[in-house]
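Subject: Structure for your review

Dear colleague,

Please find below the structure that I am handing over to you. My findings follow it, and I would ask you to read them with the structure open.

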Amino acid sequence: MPYLIIPLVIVIIAVIWAVSVSNSFNRDRVKIEEARSGIDVALTKRHDVLTKMLDIAKGYASHEKETLFKVIELRRGMTVSEMSRASDQMNEALKGISVVAESYPELRSSENFRALQISVSDTEEHLQAARRLYNSNVASYNARLVTFPSSIIAGMKHLERMPLFEAEESKRADIKMEF
């Protein structure tokens, strides 16, 4: 009777160990998929945020450029009386700009460019963190696949190495910042 208990205990321990290692591999795969999703989220955030911020910065820079050209055009080749009339017109135009600036004081092109720079830095940091997390999870998983004794269970389950991060070509490209 005691001779049967010892082999039975060894078999039970081996089964518990095998199930534990198998479940551990399953948890690792879930972590890897979650990390891969984090990369997709970061890429989407980068595209959406940077595209919107770039549009805002471009729009306001264009508005300031138009206003400056109008002022220069008004001053070009004027007589004193024309300058006086133009001054009145510019005062009217500046009142409109002041009202807009007072209503939306944060809408200044330099502030938008600064916000754009901060957004670029922030989104790139999030993206790099997501990629590092994914690669860390994959490296840990791949190491367990080839490390004894967990490699026994990996072989029995026909588990294969997972690739480290490689972005799609379209998502790998950075957002072009053209003004």
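I begin with a pair of charged side chains. Arg36 forms a salt bridge with Glu33, and the closest N and O atoms of the two are 3.7 Å apart. Both residues belong to helix α1, where they lie 3 residues apart, about one turn of the helix. Arg36 has a relative accessibility of 33% and therefore counts as partly exposed. Glu33, at 42%, is likewise classed as partly exposed. Please bear in mind throughout that this is a predicted model.

The overall architecture is as follows. The secondary structure of the protein chain consists of 5 helices and 0 strands, so that the order of elements from the N terminus reads α-α-α-α-α. Of the 179 residues in the chain, 22% count as buried. The chain exposes about 12700 Å², and carbon and sulfur atoms supply 62% of that area. Among contacts between residues at least 6 apart in sequence, 82% join residues at least 24 apart.

How many salt bridges does the structure hold? There are 2. Besides the pair described above, the side chains of Asp28 and Arg144 meet in a salt bridge, at 2.5 Å from N to O. This pair links distant parts of the chain, since Asp28 lies in helix α1 and Arg144 in helix α3, 116 residues apart. Is Asp28 buried or exposed? Its relative accessible area is 13%, which is under the 20% limit, and Asp28 is therefore buried. Leaving aside neighbours within four places in sequence, Asp28 is in contact with Tyr141 as well as Arg144.

Tyr141 also takes part in an aromatic pair. The count of such pairs comes to 1. The ring centres of Phe25 and Tyr141 are 5.8 Å apart and the ring planes stand at 85 degrees, so the arrangement is edge-to-face. Here too the partners come from distant parts of the chain: Phe25 is in helix α1 and Tyr141 in helix α3, 116 residues apart. Both Phe25 and Tyr141 are buried.

The largest nonpolar core has 17 residues, of which Phe25, Ile32, Ile39, Tyr134, Tyr141, Leu145 and Leu159 touch the most other members. The elements that give two or more residues to this core are α1, α3 and α4. The largest share comes from α1, with 7 residues. As for Leu159, its contacts are Phe25, Arg29, Tyr141, Leu145 and Ala154, not counting residues up to four places away in sequence.

Which residues make the nonpolar surface patch of about 460 Å²? The patch is made by Trp17, Phe148, Ile152 and Met156. Phe148 is found in the loop between α3 (109–146) and α4 (150–156). With a relative accessibility of 64%, Phe148 counts as exposed because the value is over 50%.

Yours sincerely

Definitions and conventions. Residues are numbered from 1 along each chain as its sequence is written. This is a predicted model: local features need pLDDT of at least 70, side-chain atom pairs count only at pLDDT 80 or more; totals for chains, interfaces and linings use all residues. Side-chain values use heavy atoms; hydrogens and water are left out. Patches are made of residues with over 30% relative accessible area and no salt bridge: like charges are joined within 9 Å, nonpolar side chains (Val, Leu, Ile, Met, Phe, Trp, Tyr) within 5 Å. Accessible areas come from the Shrake-Rupley method with a 1.4 Å probe; for residues, only the protein chains shown count as cover. A salt bridge is a side-chain nitrogen of Lys or Arg within 4 Å of a carboxyl oxygen of Asp or Glu. Helices (H or I, at least four residues) and strands (E, at least two) are DSSP runs, numbered from the N terminus. Buried means under 20% relative accessible area, exposed over 50%, partly exposed in between (1.4 Å probe, protein chains only). Contact means heavy atoms within 4.5 Å. A nonpolar core is a set of buried Ala, Val, Leu, Ile, Met, Phe, Trp, Tyr and Cys residues joined through side-chain atoms within 4.5 Å. Rings of Phe, Tyr and Trp (its six-membered ring) pair if their centres lie within 6.5 Å; planes under 30 degrees apart count as stacked, over 60 as edge-to-face and the rest as tilted.
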